[in-house]
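I opened the notebook today to record what I looked up in this structure, entry by entry.

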Amino acid sequence: MTTSPSLGQPEIQAELIAEALSSASVGFFVWDEDRRYVAANAAACEILGTTLDQLLGQRVGEHTVEGLEVFYATFTTKTAGMPFMATVIAPLSQG
């Protein structure tokens, strides 16, 4: 398989990654140094049973779902050149 040289451009890669995250079936959150959510995809909101507007600004851990086992991984990242934390979350089983 050959790829177009333009696919390697940082702007195109950023757009492709952003689109993939926004439509992914796993939840993706970004939170700041005060542990407040600053971004989330639709799956993250669905897993937590909330809307994006309700989630943004809440502290990590304030919004939980009872009886749901999840896999999650948290890591440091940079967004818009600033340090943030990010979490990927997915239900372990479909109930």
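Before the pocket itself, I noted the term: a pocket is an open set of grid points with protein on both sides within 12 Å along at least five of seven lines, and its lining residues have an atom within 4 Å of a point. I also noted that I am working with a predicted model.

**Entry: the pocket**

I looked up the largest pocket and found a volume of about 310 Å³. Its lining is made of 16 residues, and those that lie nearest the centre are Phe29, Tyr37, Leu48, His63 and Ile89. When I sorted the lining by residue type, I got 11 nonpolar residues, 5 polar ones and no charged ones.

**Entry: the nonpolar core**

Next I listed the largest nonpolar core, which has 10 residues: Phe29, Trp31, Tyr37, Ala40, Ala44, Cys45, Ile47, Leu48, Leu55 and Ile89. Strand 1, strand 2 (37-40) and helix 2 are the elements that give two or more residues to this core, and helix 2 has the largest share of it, with 4 residues. I checked this list against the pocket and saw that Phe29, Tyr37, Leu48 and Ile89 are named both in the core and among the residues nearest the pocket centre.

Leaving aside neighbours within four places in sequence, Trp31 is in contact with Arg36, Tyr37, Val38, Val60, Thr74, Phe84, Met85, Ala86 and Thr87.

**Entry: the chain as a whole**

I counted 3 helices and 4 strands in the protein chain, and read along the sequence they follow the pattern α-β-β-α-α-β-β. The C-alpha atoms fill a box of roughly 45 × 30 × 20 Å along the principal axes. Of the 95 residues in the chain, 23% are buried. The chain exposes about 6,700 Å², and carbon and sulfur atoms supply 57% of that area. For contacts between residues at least 6 apart in sequence, I noted that 29% join residues at least 24 apart.

I began with Arg35, which lies in the loop between strand 1 and strand 2. Most residues other than glycine have a negative phi. Arg35, although not a glycine, has a positive phi of about 60°. I recorded Arg35 as partly exposed because its relative accessible area is 40%, which falls between the 20% limit for buried and the 50% limit for exposed.

Last, I turned to Thr77, which is found in strand 3 and is partly exposed, with a relative accessible area of 28%. Not counting residues up to four places away in sequence, Thr77 touches Met82, Pro83, Phe84, Met85 and Ala86. The C-alpha atoms of Thr77 and Asp34, which are 43 residues apart along the chain, are separated by 15 Å.

Note on methods. Residues numbered from 1 in each chain as written. Predicted model: local features only at pLDDT ≥ 70, side-chain atom pairs only at ≥ 80, totals over all residues. Heavy atoms only, no water. 1 Å grid on protein atoms, 1.4 Å probe; cavity = no way out; pocket = protein on both sides within 12 Å on 5 of 7 lines; lining within 4 Å. Points joined across faces, edges and corners; volume = space filled by probe spheres on them. Nonpolar A, V, L, I, M, F, W, Y, C, P; charged D, E, K, R; others polar. Core = buried A, V, L, I, M, F, W, Y, C linked by side-chain atoms within 4.5 Å. Buried < 20%, exposed > 50% of the residue type's maximum accessible area, 1.4 Å probe, protein only. Contact = heavy atoms within 4.5 Å. Areas by Shrake-Rupley, 256 points an atom, 1.4 Å probe, with all protein chains shown as cover.
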